[in-house]
Amino acid sequence: MTKDELWMSRAIELARKGMYGAPPNPMVGAVLVCDDRIIGEGYHRKYGESHAEVNAFASVKEDKLLGRAKMYVTLEPCAHYGHTPPCAKLIIEKGVKEVYVGTTDPFAKVNGAGIRMLRESGVKVTIGVLESQCRDLICHFLVNQLNDRPYVMLKWAQSADGYIDIERESGTPTRLSTARSSLRIHMLRLKHQAVMVGTRTALLDNPQLTARLVDGRQPLRVILDRRGILPDSLRIFDGTSPTLIVGETDNEARAKRASYQFLQTDFSKPILRPLLSALKRLNIQALLVEGGAMLLQSFLDEGLWDEIQVEHADAILHSGVKAPVIPNSFQAEREDALGSVFMHYRHN
């Protein structure tokens, strides 16, 4: 690893600290180095607040060193006025003469403008240090900007013979996840701004769909309910996390008793693409889809997914609700963790 990669790896480490606070903005980390010594560092902590570069400069104890310092930042500095002033302008004002950028910013108001601003002011800019790691860091943001929708992760657990549950009209769902892997589910929910299930899953499983086992902001619960049949006695209406019901007609009696948002949608047409666009307008950067099988398969069939996690259990059900079918063209990466086997797929 070169010295430049070493400093950029520190910036990446810092950026990850903003995982829960930065969205819908990207996670960004920045490091200031002088004479092979870090003199300042920062990351984007929370949406609407100071960017990584601003926080890095604020941490510097000896401003006189900035004229000889180099900045390493995971994402191209912004060049526009938003919630905060342009970071590229701040870098120029602080006298930093050399900047190393992990990857360019696809956001329309930046998209090379930050780098141009720096170079036009005489700042030497090097692009692409640990670029793949820096792009992985902002994978949710990249999908937002390039595909005009949230990053979509599909998740389910299935038996050894390929079922996600027994066939039932009532009762509790078949438990295929372990107690330890359940904690991972809550961590996943925390990393996504919204969690989605279909009508049947909400009705039969009565899930709470929160990240209650870990500290952090609760996700928006997005529930498909075309005809307004879901009763307000379900836990999705318990008020512990915001809920968005997507349907053709709202249930007026339910609306009087429960607190939730309603999004009217025409189900006679394909709904997933317009629904994802609507969620992006609500600042949902990443969506976790948890079921049921038909909804998961719909996302697969329409190619509207970016990542899949399948937990494989040893249990054999013999019959029941078949697990979604992933096209053979996608290769899985196996992970043995928490007493389970997880298969991960990427839609690159």
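Met187 is partly exposed, with a relative accessible area of 30%; buried means under 20%, exposed over 50%, and partly exposed in between, with a 1.4 Å probe and protein chains only.

A note on the source: this is a predicted model, in which local features need pLDDT of at least 70 and side-chain atom pairs count only at pLDDT 80 or more, while totals for chains, interfaces and linings use all residues. Residues are numbered from 1 along each chain as its sequence is written, and side-chain values use heavy atoms, with hydrogens and water left out.

I then turned to Ser177, which lies in the loop between strand E7 (163-165) and helix H7 (179-191). Ser177 counts as buried because its relative accessibility is 17%. Its side chain makes a polar contact with the side chain of Glu311 at 3.0 Å (a pair of N or O atoms within 3.5 Å; within protein, one must be able to donate a hydrogen and the other to accept it, and residues adjacent in sequence count only if both atoms are side-chain atoms). With neighbours within four places in sequence left aside, I listed Ala157, Ser182, Ile185 and Glu311 as in contact with Ser177, contact meaning heavy atoms within 4.5 Å.

In helix H3 (residues 87-94) I noted Cys87, Ala88, Leu90 and Ile91 as the buried residues. They cover an arc of only 160° around the axis, so they lie on the same side of H3; the arc is that of the directions from the helix axis to the C-beta atoms. The cover over these buried residues includes helix H2 (52-58), strand E3 (70-75), strand E4 (98-103) and helix H4 (113-120). After H3 comes Gly95, and I recorded its positive phi, near 85°.

For Trp7, I found a place in helix H1 (residues 3-15), and with 12% relative accessibility Trp7 counts as buried. Leaving aside neighbours within four places in sequence, Trp7 is in contact with Val31, Val33, Asp36, Arg37, Ile38 and Tyr72. I also checked Trp7 against Arg180, 173 residues apart along the chain, and their C-alpha atoms are separated by 35 Å.

Last, I took down the chain as a whole: it has eleven helices and 16 strands, its C-alpha trace spans about 70 × 45 × 35 Å along the principal axes, and 54% of its 348 residues count as buried.

Definitions and conventions
Helices (H or I, at least four residues) and strands (E, at least two) are DSSP runs, numbered from the N terminus.
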